[in-house]
Amino acid sequence: MRKFERLPEPTVLKDNWGKWGEKYQQKRLQNPAYEFRWPSIKNTPLNQLLREDLLSQTQHHCSYCDKYPLDGRGDHTIDHFRPKSHPDFYQEVCHWHNLYIACNGCQSAKKVAYSELFLRPDATDYSFEKYFIYNYLDDSIDIREDISTVDKNRAIYTRDTLGLNDLGLRKAREKARKLYAVKTYAFIDDYDFRYLFDLDFDAAP
């Protein structure tokens with residue numbers, strides 16, 4: 001998971017997220033089976049209006065695993081970090097800081113899981129190196145031993161909930177490493193799993 005800087009809140013959310021959240025909360029309290037539907041602005045669903053901003057802030061990479069590119073509408077989704085199905089978070093259903101662009105794989109792995117342990121890739125104090133070590137022997141992500149028990153638990157929860165050590169992702173990271181070894185691309189944003197190469201690019205002249 002690679003750190004990113006969140007873009008400023010879009011005006012359409014700043015002016016409306018509160019009332020949309022309250023409306024959703026009321027409907028869920030009246031009918032627990034009610035399913036969230038994105039509100040529309042001038043006949044355009046809100047998720048379509050937000051998609052480009054969410055993609056831009058991660059340079060079209062998944063917010064969680066850093067898969068790239070997320071261009072086709074069928075290969076990504078907008079994840080509610082705090083699940084919209086949980087009563088405590090009904091009002092955050094359209095809150096900017098609760099929305100993350102995610103690949104279908106991470107969305108399927110995460111589902112509606114939530115814990116305060118979950119690391120946020122846009123948190124000011126987050127970095128891959130703070131919590132994780134990359135294991136080049138089998139392309140797995142290990143947890144740092146020199147961190148606090150709390151941080152260790154957060155790293156384990158995040159990694160395991162997202163399935164970041166699943167075989168498919170380990171093989172994909174191996175492929176990305178091999179592309180990087182022969183300098184296939186000139187720009188780091190053209191690679192999957194950029195956290196593997198950040199230090200090299202930072203040191204480049």
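I began with a definition: helices and strands here are DSSP runs, numbered from the N terminus, and a strand has at least two residues. I also noted that this is a predicted model.

**Entry 1: the hairpin**

I looked up strand 5 and strand 6, and they form a hairpin with four residues between them. Strand 5 covers residues 132-135 and strand 6 covers residues 140-143. The two strands run antiparallel, joined by four bridges. I then picked Asn135 and asked which residue is its bridge partner in strand 6. That partner is Ser140. In the turn I checked Asp139, and its phi is positive, at about 60°.

**Entry 2: Thr58**

Next I went to Thr58, which sits in the loop between helix 2 (46-57) and strand 3 (76-80). Is Thr58 buried or exposed? I found a relative accessibility of 2%, so Thr58 counts as buried, the cut-off for buried being under 20%. I listed what Thr58 touches, leaving out residues up to four places away in sequence: Phe4, Ser63, Ile101 and Arg194.

**Entry 3: the cavity**

My last stop was empty space. Rolling a probe the size of a water molecule over the atoms shows where such space is left. How many cavities of 30 Å³ or more does the structure hold? I found one. The largest cavity has about 30 Å³ of space in it. I sorted the lining residues by type and got four charged, two polar and two nonpolar.

Conventions. Residues are numbered from 1 along each chain as its sequence is written. This is a predicted model: local features need pLDDT of at least 70, side-chain atom pairs count only at pLDDT 80 or more; totals for chains, interfaces and linings use all residues. Side-chain values use heavy atoms; hydrogens and water are left out. Two strands pair if DSSP finds at least two bridges between them. Buried means under 20% relative accessible area, exposed over 50%, partly exposed in between (1.4 Å probe, protein chains only). Contact means heavy atoms within 4.5 Å. On a 1 Å grid over the protein atoms alone, a cavity is a set of points where a 1.4 Å probe fits but cannot get out, and a pocket is an open set with protein on both sides within 12 Å along at least five of seven lines; lining residues have an atom within 4 Å of a point. Grid points are joined across faces, edges and corners, and a volume is the space filled by probe spheres set on the points. Ala, Val, Leu, Ile, Met, Phe, Trp, Tyr, Cys and Pro count as nonpolar, Asp, Glu, Lys and Arg as charged, and the others, Gly among them, as polar.
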